[in-house]
Each structure stands twice: as C-alpha cells, then as structure tokens.
Amino acid sequence: MHSRLKVREHARDIVVPDKRVAVCGDWHGNLGWARMLSRALPALAPDVTTMLHLGDWQMPPDEIDVIFAGTSITTMYVTMGNHDRWGEISPLLAKHPGEAVRVSEITWLLTRPMRMTIGGRRVLSLGGASSIDRESRIEGLTWWPDEAITDLHVAEAIAGGPADLMVTQEGPAGTPVRPVREILRTNPHRWPTAALEASAASRARITEVWDAVRPELLAHGHMHVAAGGKAEDGRRVASLGRDGQNGNLAFLDMATLTMAVPHLSSIRGYAEQWEDDRIERERRAASVVKSMNSMAVDGLAPTPDALRDAQDYLDGHRSLDEIIEDVRRRHTRRPKDDDHDG
C-alpha cells in the first residue's frame, strides 16, 4: 500500500542552478526499476543532482528517498501524469494554489502549470493527460477526472510567456516524432473511438500551449516510445520510454537543451556492477567482523590504525595485500649494524 502524501514544504518560485539534469519518463510505481536507475546513476552521471520526472510516477515518496539515498540526486520534480493518484494529489495542490509541494526529502509534485528556472533556462511544466484506457479503470480508485488538462491550465500556461523547455506527460498533436505518429495513426491496441477523441482533445491543448510559448524542446512521456523529432520551424520534441524500456532515462544539457540517452544495456550493466560491489563489500565486512571478534575473545582491542585499515579494506580503497605491506612497513625496522670491527 502507498503511504499517504503529506506536504512538508511548498514553494512558488523554483530556481535550480544545475547545468545538467536527469529526465525520466513513466515509472508506473516500479520500485525495482527506480532501484536499478539509482544503482547506475553514480557511474553514469555522478554530477547530476536534479531529476525531472514526466509523469505516471506513482511512487511511495519515502521509499524513493531510501532508493536514491546512495546517489547524487537530491531533488526530483514530478510533472504529474494521467495515472498518478489525483485523488490525493489534487487536495494537496489545492491547499497551495500555484505552488509546488514537497512530499518527501527529495520529491516535489508540480502544480499545473508550473514555471521554474533551471540552469538559467525558462521551464514550463504542464502535467496531466487523457487515459485512453479509462474504460477499464474505476473512477476514484484507478482513474480520476482531474487528470484532464483544462482550458484554465492552458490559459495560465500561455499567460506566463515564452519558455525554453516544456515538460509534459501528454505529447502535442501533429507531433514530429514519427513512431508516436504511427501509433496514433494505426491504433494497435484498438482503443475505442470515444477514448481516441478524448486523447486528441488533450493533445490539442498541449499543442495550443506549445505553439504559444514556443520552447526549443518539449519533453514528454505517456506514449511509452523513446524517440525524437523536429518540427518544420526547428522546435524539437523528445518522447521518453517507460520503466524497463530503452530511453526511459536521459541527461539534459540545459545550455544546449540536448539530451544524452544511455542505452538500457549500460544501465543494467552498471546496476549489476553495483550489486557485485555490494556483495564484495559484505564479504569483506564479514571477514573484518570475524577478525575483530577473534581479537575481542582474546581480550584484545583493535588500535585506531587497525580500525582505519579495516575501513579502507571495506571501502575497497586498499587491497588486503596492500594493507599487509603497509603494516609490515609501519611496524618493522631495519636492524642496526653491529658495532664491532670486522
């Protein structure tokens, strides 16, 4: 069960100095996937401290804090998606109109619309999307009407003026991203006409804002497709994949608004290496504990130097051979020459 959301802090003005940020598409509450990303991030981008999430987040915030505690990520800004828990989210945002709310140590939920400054760039977040699968869901339990992007959201987003970057869950109508256009054209899942019409209306609202604020880049989730495209006027659109897919994670350079996308095999490889390192650290720890316990049984206590050596071994800073050689060097002396005539 998800823990109930509570507001720990709220803010109207968000200014982030970071020049590079992580961007993620839909996670759908997949803690295992979040854990894999957290294990790969220290190797992929140890300098990145901020993550922008594009919706269908569905995460228990306190667990996210634990999962990302071993990374450099200190803040996660979530643009809400259609499958997020609007039954809890809407009341929280309603208590602080026009503001973002912090619901854990690192997690902020963004209002609609939300203006931010990141790396000196003007950023517009506009959450929400149409659930094309709403007929298979239960209103108030797995689907909420609050998912919809309203005319008021559109008007307020446009009134805020131009933006350099737009982050959304829903993509624009007439998207330049070819794989997304193909899905919308062929309707491979055979969604009903009413659902397709609601989806088209939702995309039209995103397009109205997109055409008004004219960002260099619009990044969105929702379609579970990792691809990009460029409109005739040069504006770019990036669609991110879902949890477990290639292209769910990207690193965005705020100066150039270009994305670097690590391959899924790299993410898995770094995550597996993290796990191998963890097992090795536990093996080392067990060995050191056993040695310390043996000393305690013999009535001996480890010296400060011994404790430092043990920690170096646990942390992998020095091998056992290196520590033994260092101990030998510290605790042996060259014998003095005998003081007699030959």
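1. Start with the sheet of eight strands: an open one, with mixed pairing, in the order β1-β6-β7-β5-β4-β3-β14-β15. Two strands count as paired if DSSP finds at least two bridges between them. Strands here are DSSP runs of E with at least two residues, and helices are runs of H or I with at least four residues, both numbered from the N terminus. At the edges stand β1 (9–11) and β15 (258–260); each has a single partner strand, so one side of each has no neighbour in the sheet. From one strand to the next, the twist averages 30°.

2. A word on where this comes from. The model is predicted, so to speak of local features we need pLDDT of at least 70, and side-chain atom pairs count only at pLDDT 80 or more, while totals for chains, interfaces and linings use all residues. Residues are numbered from 1 along each chain as its sequence is written, and side-chain values use heavy atoms, leaving out hydrogens and water.

3. Back inside that sheet, look at β5 (residues 75–78) and β7 (residues 107–109): they run parallel and are joined by three bridges. For angles, axes are lines fitted to C-alpha atoms (for helices, over the stretch in contact), and values run from 0 to 180 degrees between N-to-C directions.

4. There is also an open sheet of seven strands, again with mixed pairing, ordered β2-β8-β9-β10-β11-β13-β12. Its edges are β2 (14–16) and β12 (227–230), each with a single partner strand, so one side of each is left without a neighbour in the sheet. Direction ignored, neighbouring strands are turned by 20° against each other on average. β12 pairs with β13 (residues 236–239) in the antiparallel sense, over four bridges, and Ala227 stands opposite Ser239 in β13.

5. Now for charges. The structure holds 17 salt bridges, each being a side-chain nitrogen of Lys or Arg within 4 Å of a carboxyl oxygen of Asp or Glu. Arg205 and Asp151 make one of them, at 3.1 Å from N to O. This pair links distant parts of the chain, with Arg205 in helix α6 (residues 193–213) and Asp151 in helix α4 (residues 151–159), 54 residues apart. Arg205 is partly exposed at 26% relative accessibility, whereas Asp151 is exposed at 55%. (Buried means under 20% relative accessible area, exposed over 50%, partly exposed in between, using a 1.4 Å probe and protein chains only.)

6. Another salt bridge joins Arg235 and Asp211, with the closest N and O atoms 3.0 Å apart. Arg235 lies in the loop between β12 and β13 and Asp211 in helix α6, so the pair ties together parts 24 residues apart in sequence. Arg235 is buried, at 9%, but Asp211 is partly exposed, at 38%. Elsewhere, Arg121, Arg122, Asp164 and Glu216 are linked in a network of salt bridges.

7. Last, have a look at Asp65 in helix α2 (residues 61–67). Asp65 is buried yet has no salt bridge; Arg8, the nearest side chain of opposite charge, is 4.5 Å away. (Lys and Arg count as positive, Asp and Glu as negative; His and the chain ends are not counted.) The side chain of Asp65 does have a polar contact of 2.9 Å with that of Ser104. Such a contact is a pair of N or O atoms within 3.5 Å; within protein, one must be able to donate a hydrogen and the other to accept it, and residues adjacent in sequence count only if both atoms are side-chain atoms.
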